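Hello,

Here is the structure I promised to pass on. Please open it beside this email and follow along.

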Amino acid sequence: MKLPFEIDLKDKVVVVTGAGGIICSYLANAIAKCGAKVALLDLNKAAAQVYADEMTNEGLVAKAYGCNVLDKESLEACHQEVLRDLGPCDILINGAGGNNPRATTDNEYAELDDAAKEIKTFFDLEKSGVEFVFNLNFIGTLLPTQVFAKDMVGRSGCNVLNISSMNAYTPLTKIPAYSGAKAAVTNFTQWLAVHFSHIGIRVNAIAPGFFSTNQNKALLFNEDGTPSELAINEQKKFDHIFVDEYQDTDGIQDLIFNTISNGTNLFFVGDIKQSIYSFRGAEPSVFSKYRKAFPPAETVDCDPHIPL
């Protein structure tokens with residue numbers, strides 16, 4: 001991996017949850033290349049260990065930890081290990097999350113003849129599946145923050161980065177629980193940014209779009225490896241926005257580093273980054289209302305003597 005710019009994170013301790021997955025393992029590697037000491041946390045320690053080993057083989061400082069983000073005792077125990085091995089946490093990236101088949105409908109739209117079909121409709125969604133998705137995404141963000149952000153109080157240059165989703169703004173069909181849970185993560189990020197603002201901890205989020213991961217592989221690909229009907233339909237809808245950056249993980253690096261670097265992002269407290277993609281002048285309808293509500297500063301009449 002070649003970084004397109006230089007960010008100095010030397011000796012920063014960065015804790016990444018969900019680091020056994022595609023996006024967060026990639027982030028962990030990029031962050032370590034900037035000099036940080038990275039703790040890769042995942043329920044599946046073996047998955048995180050693979051990436052930690054790759055990083056240490058490159059001469060980077062990284063260590064894998066088995067941790068359940070839904071169990072505060074597990075998080076506290078992991079916290080003590082990280083303190084012992086690497087030091088107090090400077091940056092927390094809450095990347096643990098995902099969906100569950102029990103909270104996913106088979107049909108995109110409810111139809112009058114659904115009762116005659118052998119499909120899982122909205123009315124068949126399992127309560128336990130919906131609860132699991134909400135807990136994994138929202139509680140799995142809240143609890144790690146409670147544990148690791150304690151290290152940040154009273155120290156400069158510390159921040160929290162949550163991984164939300166474009167589903168928080170424009171929910172896809174079939175996955176109501178995941179979309180709702182990520183909307184909760186976005187809302188929590190905005191709340192926490194205000195709550196922590198007096199003690200100097202910056203809190204932000206990014207909202208990735210489509211990536212092929214183990215979580216969504218069954219939705220995006222058929223068994224023979226060809227794109228699913230859902231993937232083809234979604235790609236047709238969004239190609240005009242995502243252009244050639246569809247599933248380009250490199251596109252998130254500048255956003256991540258602008259968010260966590262102490263030398264930049266001085267105005268981003270609570271700012272929810274709408275997407276990992278550069279829209280190249282496109283105006284997706286989901287953002288048009290925000291642009292109208294918040295015009296460029298030069299077009300706004302403002303009394304400089306009014307305190308903000």
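First, the ground rules. This is a predicted model: local features need pLDDT of at least 70, side-chain atom pairs count only at pLDDT 80 or more, and totals for chains, interfaces and linings use all residues. Residues are numbered from 1 along each chain as its sequence is written, and side-chain values use heavy atoms, leaving out hydrogens and water.

Start with the cores. A nonpolar core is a set of buried Ala, Val, Leu, Ile, Met, Phe, Trp, Tyr and Cys residues joined through side-chain atoms within 4.5 Å. Buried means under 20% relative accessible area, exposed over 50%, and partly exposed in between (1.4 Å probe, protein chains only).

The largest core has 28 residues. Val15, Leu41, Val82, Phe148 and Met152 have the most contacts inside it. Two or more residues come from each of β1 (13–17), β2 (37–42), α3 (72–85), α4 (127–148) and α5 (176–195). Helices (H or I, at least four residues) and strands (E, at least two) are DSSP runs, numbered from the N terminus. α4 gives the most, with four residues.

Now Met152. Beyond its neighbours within four places in sequence, Met152 is in contact (heavy atoms within 4.5 Å) with residues including Cys89, Ile91, Cys158 and Ile201.

Last, the angles. Asp11 is not a glycine, yet its phi is positive, near 70 degrees. Asp11 sits in the segment before β1 and is partly exposed, at 48% relative accessible area. Lys174 is not a glycine either, and has a positive phi of about 80 degrees. Look for Lys174 in the loop between β5 (159–163) and α5.

Best wishes
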